[in-house]
Amino acid sequence: MKVTAIIASPRKGGNGDVLVDEIIKGTEENGAEVTKYYIDELDVEPCHACGHCGDGIDCKVEDDGAKIIDDLLDTDVLIFTTPIYYGQMSAQGKLITDRFYSVSRNPQKEFNGKAVFVFTHGAPSGIYDAYIEATKASPFGHTGWDVVNTLDAGGIQEPGSIKESEDKMKEAFEIGKAL
């Protein structure tokens, strides 16, 4: 099983990263091969809406984002984490998900793996349910991902403080183990 984890947080070692590591531990019990990307550390340009991509034509931007998109086309499981800032995913998350546009415009390509979301934020858990559901539909469901699980970790602010939540840490591990 090929697993690709995308960390769309500027905080390496932050709460989303910690939870993704727990999910990965669970997948590794099933022999998963894991690749992990930290968007904040990579060269990922935004979608330029240039119209270059289309039927049989890839995005013309050659950067780390193009490599990630290529990897995602044959991944079995995507683990995507982002903090929610002011009701939306991080800028890093938008950078890479906007690049999904090149796949949606090309009928010869489609993401066809499972997806797991990890959302972290300071608001109480559940407050962003509508946003999370909308994100499942677009850009993820729209481009072929089968969103099989979502972990909403609210009420946390300090980097790494999620480690104190035994329930969330166990939930993350069990999500990975079930994949």
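A residue counts as buried when its relative accessible area is under 20%, and as exposed when that area is over 50%. The structure described here is a predicted model. By the buried rule, N15, G16, D17, V18, L19, V20, E22, I23, I24, G26 and T27 of helix α1 are buried.

**Helix α1**

- Helix α1 runs over residues 15–28, and its 14 residues should span 20 Å at 1.5 Å a residue; the C-alpha atoms at its ends are 20 Å apart, so the two values agree.
- Most of α1 is covered, with 11 of its 14 residues buried.
- The cover over the buried residues of α1 includes the strands β1 (2–7), β2 (33–38), β3 (77–85), β5 (114–120) and β6 (146–153), together with helix α6 (166–178).

**Nonpolar cores**

- In soluble globular proteins, nonpolar side chains tend to be buried together.
- The largest nonpolar core holds 24 residues, and those that touch the most other members are I6, L72, L78, F80, I96 and W145.
- Two or more residues of this core come from each of α2 (64–72), β3, β5 and α5 (129–140).
- With residues up to four places away in sequence left out, W145 touches L72, T75, L78, F100, F111, G113, K114, A115 and F140.

**The cavity**

- Rolling a probe the size of a water molecule over the atoms shows where empty space is left.
- The model has one cavity of 30 Å³ or more.
- The volume of the largest cavity is about 130 Å³.
- Its lining is made of 15 residues, and C47, H48, C50, C53 and C59 lie nearest its centre.
- By class, the lining of the largest cavity has eight nonpolar, four polar and three charged residues.

**The largest pocket**

- The largest pocket has a volume of about 360 Å³.
- Of the 20 residues that line the largest pocket, P83, Y85, H121, G122 and I156 lie nearest its centre.
- Helix α1 and strand β3 are the elements that give two or more residues to this lining.
- Strand β3 provides the largest share of the lining, five residues.
- The lining of the largest pocket divides into seven nonpolar, 10 polar and three charged residues.

**The second largest pocket**

- The second largest pocket holds about 220 Å³ of space.
- It is lined by 15 residues, of which K94, T97, D98, S138 and P139 are the closest to its centre.
- At least two lining residues come from each of β4 (88–89), α3 (91–98), α4 (101–104) and α5.
- Helix α5 gives the most to this lining, with five residues.
- The lining of the second largest pocket has six nonpolar, seven polar and two charged residues.

**Residues of helix α5**

- T135 lies in helix α5.
- With a relative accessibility of 4%, T135 counts as buried because the limit is under 20%.
- Leaving aside neighbours within four places in sequence, T135 is in contact with M89, F117, F119 and F140.
- P139 also belongs to helix α5.
- The peptide bond from S138 to P139 is cis, with omega near 20 degrees.

- Most residues other than glycine have a negative phi, and most peptide bonds are trans.
- A49 is not a glycine, yet its phi is positive, at about 50 degrees.
- A49 sits in the loop between β2 and α2, and at 65% relative accessibility A49 counts as exposed.
- Y86 likewise has a positive phi of about 50 degrees without being a glycine.
- Y86 is placed in the loop between β3 and β4, where its relative accessible area of 87% makes Y86 exposed.

**G160**

- G160 is found in the loop between β6 and α6.
- Its relative accessibility is 15%, so G160 counts as buried.
- Not counting residues up to four places away in sequence, G160 touches G13, G14 and N15.
- G160 and F100 are 60 residues apart in sequence, and their C-alpha atoms are 30 Å apart in space.

Conventions:
Residues numbered from 1 in each chain as written. Predicted model: local features only at pLDDT ≥ 70, side-chain atom pairs only at ≥ 80, totals over all residues. Heavy atoms only, no water. Helix = DSSP H or I, 4+ residues; strand = E, 2+ residues; numbered from the N terminus. Expected span 1.5 Å × (residues − 1). Buried < 20%, exposed > 50% of the residue type's maximum accessible area, 1.4 Å probe, protein only. Contact = heavy atoms within 4.5 Å. 1 Å grid on protein atoms, 1.4 Å probe; cavity = no way out; pocket = protein on both sides within 12 Å on 5 of 7 lines; lining within 4 Å. Points joined across faces, edges and corners; volume = space filled by probe spheres on them. Nonpolar A, V, L, I, M, F, W, Y, C, P; charged D, E, K, R; others polar. Core = buried A, V, L, I, M, F, W, Y, C linked by side-chain atoms within 4.5 Å.
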